[in-house]
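Here is a short briefing for a reader meeting this protein for the first time. Look over the sequence and the structure, then work through the points below.

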Amino acid sequence: MKFLRIGQIIQLTGLSRMTIYRLELAGEFPKRRRLSKNSVAWLDTDIAQWAESRPISPLRGTAGKTSGSGGTAYG
């Protein structure tokens with residue numbers, strides 16, 4: 001178990017600082033932990049579980065479609 005600071009969370013998730021804070025306030029992102037009076041961090045296991053819970057996004061425009069050139073998408 002490791003503590004991750006906000007910069008590491010931004011790098012891992014690709015989300016902005018404000019998006020992370022908004023999601024956390026909405027209950028859609030793991031809660032930060034207080035390390036000291038002026039220091040907070042997130043548990044790496046909490047972030048990993050959150051990432052695994054994210055739905056897989058399908059590619060747009062590929063569901064059931066084939067191109068006329070033998071199925072290759074590059075035409």
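Strands β1 and β3 pair in the antiparallel sense, over two bridges. The model is a predicted one. The protein has three helices and three strands. Along the sequence they follow the pattern β-α-α-β-β-α.

**The sheet**

- Three strands make up an open sheet, in the order β1-β3-β2, with antiparallel pairing.
- Strands β1 (3-4) and β2 (33-36) stand at the edges; each has a single partner strand, so one side of each lacks a neighbour in the sheet.
- In general, the strands of a sheet pair through backbone hydrogen bonds, in a parallel or an antiparallel way.
- R33 stands opposite A41 of β3, and R34 stands opposite V40 of β3.
- β2 and β3 form a hairpin, and two residues lie between them.
- How many of the five residues of β3 are buried? Four of them are, so β3 is largely enclosed by the rest of the structure.

**Helices α1 and α2**

- Helix α1 covers residues 6-13 and helix α2 covers residues 17-25.
- Their axes come within 10 Å and cross at roughly 95°.
- Angles from 65 to 115 degrees count as roughly perpendicular, so α1 is roughly perpendicular to α2.
- Which residues of α1 meet α2? They are I6, I9, I10 and T13.
- On the α2 side, the contact is made by R17, I20 and Y21.
- The residues of this contact divide into five nonpolar, one polar and one charged.

**The aromatic pair**

- A search of the whole structure finds one aromatic pair.
- Its partners are F29 and W50, with ring centres 4.8 Å apart.
- The planes of the two rings stand at 65°; an angle over 60 degrees counts as edge-to-face, so the pair of F29 and W50 is edge-to-face.
- This pair links distant parts of the chain, 21 residues apart.
- F29 sits in the loop between α2 and β2, while W50 belongs to helix α3 (residues 44-53).
- Are the two partners buried or exposed? F29 is buried, at a relative accessible area of 4%.
- W50 also counts as buried, at 15% relative accessibility.

**A51 in helix α3**

- A51 is found in helix α3.
- A51 is partly exposed, because its relative accessible area is 42% and the band for that label runs between 20% and 50%.
- A51 and L12 are 39 residues apart along the chain.
- Their C-alpha atoms are separated by 9.5 Å.

**The whole protein**

- The protein has 75 residues, and 19% of them count as buried.
- Consider the contacts between residues at least 6 apart in sequence: 35% of these join residues at least 24 apart.

Notes
Residues are numbered from 1 along each chain as its sequence is written. This is a predicted model: local features need pLDDT of at least 70, side-chain atom pairs count only at pLDDT 80 or more; totals for chains, interfaces and linings use all residues. Side-chain values use heavy atoms; hydrogens and water are left out. Axes are lines fitted to C-alpha atoms, for helices over the stretch in contact, and angles run from 0 to 180 degrees between N-to-C directions. Helices (H or I, at least four residues) and strands (E, at least two) are DSSP runs, numbered from the N terminus. Angles under 35 degrees count as roughly parallel, over 145 as roughly antiparallel, 65 to 115 as roughly perpendicular and the rest as oblique. Contact means heavy atoms within 4.5 Å. Ala, Val, Leu, Ile, Met, Phe, Trp, Tyr, Cys and Pro count as nonpolar, Asp, Glu, Lys and Arg as charged, and the others, Gly among them, as polar. Two strands pair if DSSP finds at least two bridges between them. Rings of Phe, Tyr and Trp (its six-membered ring) pair if their centres lie within 6.5 Å; planes under 30 degrees apart count as stacked, over 60 as edge-to-face and the rest as tilted. Buried means under 20% relative accessible area, exposed over 50%, partly exposed in between (1.4 Å probe, protein chains only).
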